[in-house]
Amino acid sequence: MPFLRVASPGLLTTVQDRGRFYFQKWGVPVAGAMDEYALRVANMLVGNHEDEACLEITLLGPEIMFLEAGLIALTGGDLGAVLNDSPVEPWSSFPVEKGDTLKFTGRGIGCRAYLGVAGGFKVPRVMESKSTYLRGSMGGMKGRALREGDELEVDKQELNKSFISVQAPPEYRYEPAPPFVVRVILGPQEHAFTQRGIETFLKSKYVVTHESDRMGCRLDGPVIQHKGEPDIISDGIAIGSIQVPGKGTPIIMMAERQTTGGYAKIATVITPDLWKIAQAKPGDGISFTAVTPEQARSEYIEYENMLKKLPRKLAQLQEKQWEKGENKKLLLVRVAGKEYRVEIKEL
Amino acid sequence: MYARAKYLPAGDKGLVVEFGNSISKDINIKVRSFALAIDNAGIPGLLEYIPSYRSLLIIYDPLTWEFKLLVNRLKQLEDNLSMMQFPNPQIYCLPVAYGGEYGPDLYFICEHTGLKKEDVIKIHSGVDYLIYMLGFTPGFPYLGGMDERIAAPRLNSPRGKISAGSVGIAGSQTGIYPIESPGGWRIIGRTPVKLFDPDNERPVLLNAGDYVRFYPVSVDEYYQIARAVEKGEYNVYVIECAAREE
């Protein structure tokens, strides 16, 4: 039984999990969510494994009709979500009923929102991932963005699991506010640039251009000077790698990046700041500041520790809400081979 | 080749081990030896790696490893690298329909080089090409060893769509497009063999370190093979080399 129907697809709505890892040595791009932080939080809000597939919604959101009751969550950029004409709290989970409609009014705070559903979206795993790799036409919904009329099912509903809506605590919610200051580790090819080139890179303000997509965020701004040739012998590209082709302006390589490439890479964005690139819209400003690998590691550990604590914090919040009687529990139960949704309220 | 490998940071979970700054068989063998050494060592917290011409990008878990400590551990691997044993390389023989509708740029290669069509085909299919690396798109092999006599510049403006299986020339490189993609290489033929099939148990046909040999087939043979490929009844002809070619 399908869970939702796409009434209108929006600009670019794709199914994404954290990505297709372990096949990069064969040239297979990772793809996956541009903003892995928002994806992981969306999954946690609905009680999923943090790697489950969500919908990645870009700038102009879709119109979605729900065909079944369920618990969904929205995180990431605030694209003006309204459920049956009432605005939805950002960074929270909420129940939907059969016949409900979710629309996006295009508020445009940030660039990408993530819609998670308890149980995850059911699409075939291709090479161990549900992520859509658009250029390779594989994964997700038949290897493509969602279209009008597409229907998606929920993957696995766990039995006796309570559906209680909850909002992520304030310290877990960001509101994208450009210009973004992005922390980077210099290298691996910073030696391919002059000292002046590196100073230009670190001291200038760059602007996101319209050519940006899931593969790379292309920037416009002061030209970064190479020492010699801008081309290197093709080598591996990490997420957040900042390539500088001959033209002299940077391209930040993102989720759908190719695995290898031949432009010198001046620096790499650190993981806790990747969301800023994912949420930057054409016209937004970006500047870079360098950190050492040691500083980056302690930032990374803090980032992961914080995410690790979130499921427990959410469980505590849900417990409190339940005690206060502000909420209802939805249970999925199976009786004599048939599944029932049971709504529980305290008398 | 560098006397010692360079260890460079590529973000908070990437580390590049670079063995040199040129395209050569010796450097590439180092890269592949190092990849094999990593596979054998079973170091915890190493998630995956991307081998390329002259370096290896390693993706690791920063919760397990501090950059400097990982570098020290990898240097131990480097010290024992000469003892690596490689499996014997294999030659993958790929049928190619040259020219015509499948190779629209073959006439350009002839014009550019002054060679006859038969000679271009003979030269292109007369060499075993070393697969230096896979990258760019799933299963795309970077091949080394093309005869300079058939070298030709890329298209001035890339084509929007190149069919899967297309065999092309760009400068002194030759390659095969595993999936339909845009590209600027001069297309001289097409192979019906699938280099990438995500639904296959082994999605990527070729491996770095192995060889590709092209052999010309007629359009009729191309169709026969393509039909067999579709039915899953085609096996690529593979020659096992006796020993590693140094």
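Of the 347 residues of chain A, 48% count as buried. The model is predicted. The secondary structure of chain A consists of four helices and 23 strands. Its radius of gyration is 21 Å, close to the 20 Å that the globule rule gives for 347 residues, so chain A is as compact as a globular protein of that length. Along the principal axes, the C-alpha atoms of chain A fill a box of roughly 75 × 40 × 35 Å. Contacts in chain A were also sorted by sequence separation. Among those with a separation of 6 or more, 77% come from residues 24 or more positions apart.

Seven strands of chain A close into a barrel. Their order is E13-E20-E17-E18-E15-E14-E21, and the pairing is mixed. On average, neighbouring strands of this sheet are turned by 40° against each other, direction ignored. One of the pairings links strand E14 (residues 206-208) of chain A with strand E21 (residues 285-290) of chain A. These two strands run antiparallel and are joined by two bridges. Within this pairing, A:Val207 stands opposite A:Gly285 in E21(A).

Strand E10 (residues 109-117) of chain A has eight of its nine residues buried, so it is largely enclosed by the rest of the structure. A residue is counted as buried when 20 or more other C-beta atoms lie within 10 Å of its own. E10(A) pairs with strand E3 (residues 54-58) of chain A through four bridges, and the two run antiparallel. There, A:Ile57 has A:Ala113 of E10(A) as its bridge partner. E10(A) also pairs with strand E5 (residues 70-78) of chain A. That pairing is antiparallel as well and extends over six bridges. In this case A:Ala73 has A:Gly116 of E10(A) as its bridge partner.

Helix H1 (residues 36-45) of chain A is mostly covered, with ten of its ten residues buried. The buried residues of H1(A) include A:Glu36 and A:Arg40. A:Tyr37, A:Leu39, A:Val41, A:Asn43 and A:Met44 are also among them. After H1(A) comes A:Gly47, whose phi is positive, near 75°.

Chain B is divided into domain 1 (6-83) and domain 2 (90-240). The C-alpha centres of domain 1 of chain B and domain 2 of chain B lie 30 Å apart. Seven residues of domain 1 of chain B are in contact with seven residues of domain 2 of chain B. On the domain 1 side of this contact, helix H1 (residues 25-41) of chain B gives the most, with three residues.

Four strands of chain B form an open sheet in the order E1-E2-E4-E3, with antiparallel pairing. E1 and E3 of chain B are the edge strands, each pairing on one side only. Neighbouring strands of this sheet are turned by 20° against each other on average, direction ignored. E3(B) and E4(B) pair over five bridges in the antiparallel sense. In this pair, B:Ile50 stands opposite B:Leu57 in E4(B).

Contact between the two chains involves 39 residues of chain B and 35 residues of chain A. On the side of chain B, the elements that give two or more residues are strand E1 (6-9), strand E2 (14-18), strand E3 (46-51), strand E4 (55-60) and strand E6 (128-134) of chain B. E3(B) provides the largest share of this side, five residues. The residues of chain B that touch chain A divide into 25 nonpolar, nine polar and five charged.

B:Leu115 is found in the loop between helix H3 (106-113) and helix H4 (117-124) of chain B. With 16 C-beta neighbours inside 10 Å, B:Leu115 counts as partly exposed. Between B:Leu115 and B:Arg149 the separation is 34 residues in sequence and 8.7 Å in space, C-alpha to C-alpha. Not counting residues up to four places away in sequence, B:Leu115 touches B:Cys110, B:Val120, B:Arg149 and B:Ile150.

Key
Residues numbered from 1 in each chain as written. Chains lettered and ligands numbered in written order. Predicted model: local features only at pLDDT ≥ 70, side-chain atom pairs only at ≥ 80, totals over all residues. Rg over C-alpha atoms; globule rule 2.2 N^0.38 Å. Buried ≥ 20, exposed ≤ 12 C-beta atoms within 10 Å, placed from the backbone. Pairing = 2+ DSSP bridges. Axes fitted to C-alpha atoms, helices over the stretch in contact; angles between N-to-C directions. Domains from an automatic or database assignment. Nonpolar A, V, L, I, M, F, W, Y, C, P; charged D, E, K, R; others polar.
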